[in-house]
Amino acid sequence: MITCVVHYTIDPAWIEAFEEFARAWMRLVARHGGVHHGYFLPAEGASDKAEALFSFDSLAAYERYRSRFGTDPEFVAADRIRDDSGCVLRYERTFLRPLLPTD
């Protein structure tokens with residue numbers, strides 16, 4: 001299993017647009033074989049940080065999902081929410097492998 005953690009810097013003035021963007025991507029990850037663990041948004045105080053975590057069975061499965069970026073109409077529409085609103089200022093991805101309890 002591989003888990004992708006996406007670290008976002010968002011524009012807090014566009015939090016509703018970011019939530020719409022996040023809902024679209026949660027559906028797409030689930031529809032294309034992944035498990036979305038949710039988006040984690042600012043809760044209190046002034047913050048421009050958000051996180052997303054989702055997993056695929058393997059890097060190959062993740063790459064099949066990623067191959068749809070820029071071509072699949074649903075993926076393009078989801079990105080358009082981000083691009084049109086400017087809700088995401090920047091982001092970076094980190095790939096992790098879980099170490100799970102053994103008992």
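Start your tour by selecting C4: this cysteine is buried, with a relative accessible area of 1%. Keep in mind as you go that the model on your screen is predicted.

How far is the sulfur of C87 from that of C4? The two lie 17 Å apart, and C4 is in no disulfide. C87 is likewise in no disulfide, its nearest cysteine sulfur being that of C4. A disulfide calls for sulfur atoms within 2.5 Å, and a search of the whole structure turns up 0 of them.

Next, go to the largest pocket, which holds about 210 Å³ of space. Select Y8, W25, R66, F69 and R93 to find your way in: of the 16 lining residues, these are the closest to the pocket's centre.

Now colour by secondary structure and see which elements contribute to this lining. At least two residues each come from strand 1 (2–10), helix 1 (15–31), strand 2 (35–40), helix 2 (59–66), helix 3 (73–85) and strand 4 (88–96). Which classes of residue do you meet there? The lining has 11 nonpolar residues, 4 charged ones and 1 polar one.

Conventions. Residues are numbered from 1 along each chain as its sequence is written. This is a predicted model: local features need pLDDT of at least 70, side-chain atom pairs count only at pLDDT 80 or more; totals for chains, interfaces and linings use all residues. Side-chain values use heavy atoms; hydrogens and water are left out. On a 1 Å grid over the protein atoms alone, a cavity is a set of points where a 1.4 Å probe fits but cannot get out, and a pocket is an open set with protein on both sides within 12 Å along at least five of seven lines; lining residues have an atom within 4 Å of a point. Grid points are joined across faces, edges and corners, and a volume is the space filled by probe spheres set on the points. Helices (H or I, at least four residues) and strands (E, at least two) are DSSP runs, numbered from the N terminus. Ala, Val, Leu, Ile, Met, Phe, Trp, Tyr, Cys and Pro count as nonpolar, Asp, Glu, Lys and Arg as charged, and the others, Gly among them, as polar. Buried means under 20% relative accessible area, exposed over 50%, partly exposed in between (1.4 Å probe, protein chains only).
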